[in-house]
Amino acid sequence: MAAFLEQTFFHYALLSFYLLGPPTFIVLRFFQFPYGKHNRVGWGPTISPPLAWFIMESPSISLPLILFPSGQHSTNPKALALMSPFLLHYFHRTIVYPLRIYQSTSQQNTKTTIGFPLLLAVNGFLTQALNTYLQVRWVSHYKSDYDSDGGLFWWKFFGGLVVFLWGMRINMWADTALLVLKRESGGYKVPRGGWFEVVTCPNYLGEIVEWLGWAVMTWSWGGFGFFLYTCSNLVPRACASHKWYLEKFGEDYPKNRKAVIPFIV
Ligand SMILES: NC(=O)c1ccc[n+]([C@@H]2O[C@H](COP(=O)([O-])OP(=O)(O)OC[C@H]3O[C@@H](n4cnc5c(N)ncnc54)[C@H](OP(=O)(O)O)[C@@H]3O)[C@@H](O)[C@H]2O)c1
């Protein structure tokens, strides 16, 4: 009975995740989450950005520790292999990235960093909890073809892993470049070089590529849903950031850059 109830919960959670994507995309076309360069007053109490990132992303580390061991595939090497890139990304995003923002801010010449709305951090925490539940439960418990898909598992795994690691490299490179720029300039400057010559937000491009790789690796509705949700969240934000740079820097902003997808968007 408990297993049936949880399976029903899992299916509704998956459905909710898909239903979240289109409204997120539409709303974010007109209105940006008020943090960073899109920050606005009137969103209640704020906390420091490193703490906000830690809070928002913490379910992606804590839930696997709680949920993975209870899955029927918890000792299957294929399930462990699948979980590793997810944990690698989120160890970086939850622990390393906030420490790097903290370090970069404390070394800044001019301190211009503004608070992160607590409301937004709570919203991010809940969305991440839903997403992590879906990815972890599917990999560790609901995936049913680990032993029956022949050699296909490893083709999908390694094919997706190459895409995932490529995306992670772009994402981390771009985040590092922005943090260095912020530390050196103390404010917003036009980022230059590498992927910044192609798109305004290479960190978002890298993130989207990573979760495309994850969708291939897991070959699951949950993985594909996460890829779609990431696009619906980051593509409108990248477009808004592109517009923000054009308005702020005018003629000094390179004309040939796209917002996030090279040569397209
Ligand atoms: N999977 C998802 O759905 C999802 C959602 C959101 C974010 N993320 C990931 O989380 C990471 C951070 O996201 P974000 O939205 O905070 O990225 P962001 O707006 O590009 O900011 C990243 C950092 O760089 C600083 N910065 C940005 N532009 C700058 C400039 N022109 N000059 C100097 N400093 C600059 C920001 O400072 P300020 O904070 O002061 O602006 C912030 O510390 C990214 O890797 C992103 O891919 C993932």
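Helices here are DSSP runs of H or I with at least four residues, and strands are runs of E with at least two, numbered from the N terminus. The model shown in every panel is predicted.

**Figure 1. Overall fold of the chain.** The chain holds eight helices and two strands. Read from the N terminus, the elements follow the order α-β-α-α-α-β-α-α-α-α. The radius of gyration is 19 Å, close to the 18 Å that the globule rule gives for 265 residues, so the chain is as compact as a globular protein of that length. The C-alpha trace spans about 60 × 40 × 35 Å along its principal axes. Buried residues make up 34% of the 265 in the chain. Of the contacts between residues at least 6 apart in sequence, 84% join residues at least 24 apart.

**Figure 2. The largest nonpolar core.** This core has 38 residues, and the members that touch the most others are Leu-205, Ile-208, Trp-214 and Val-260. Two or more residues come from each of helix H1 (2-30), helix H4 (77-106), helix H5 (118-142), H6, H7 and H8. H7 gives the most to the core, ten residues. Apart from residues up to four places away in sequence, Val-260 touches Val-199, Cys-201, Tyr-204, Leu-205, Leu-234, Val-235, Ala-238 and Val-265. A second, separate core has nine residues, among them Ala-52, Ile-101, Phe-116 and Ala-121.

**Figure 3. Surroundings of Leu-212.** Leu-212 is a residue of helix H7. Its C-beta atom has 21 C-beta neighbours inside 10 Å, and because the cut-off for a buried residue is 20 or more, Leu-212 counts as buried. When neighbours within four places in sequence are left aside, Leu-212 is in contact with Val-163 and Phe-227. Leu-161 lies 51 residues from Leu-212 along the chain, and the C-alpha atoms of these two residues are 9.8 Å apart.

**Figure 4. Spans annotated as transmembrane region.** The unreviewed UniProt entry gives the annotation "transmembrane region" to residues 12-31, 51-68, 114-134 and 154-174. Two of these spans are described here. In the model, residues 51-68 are 89% helix and 0% strand, with the end C-alpha atoms 26 Å apart. Residues 154-174 are 100% helix and 0% strand, and the end C-alpha atoms of this span are separated by 30 Å.

Figure 5. According to the unreviewed UniProt entry, residues 116-264 carry the annotation "domain: 3-oxo-5-alpha-steroid 4-dehydrogenase C-terminal". In the model this span is 70% helix and 1% strand.

Key:
Residues numbered from 1 in each chain as written. Predicted model: local features only at pLDDT ≥ 70, side-chain atom pairs only at ≥ 80, totals over all residues. UniProt positions renumbered as here; feature names shortened; annotations may be inferred. Buried ≥ 20, exposed ≤ 12 C-beta atoms within 10 Å, placed from the backbone. Contact = placed C-beta atoms within 7 Å. Rg over C-alpha atoms; globule rule 2.2 N^0.38 Å. Core = buried A, V, L, I, M, F, W, Y, C linked by C-beta atoms within 7 Å.
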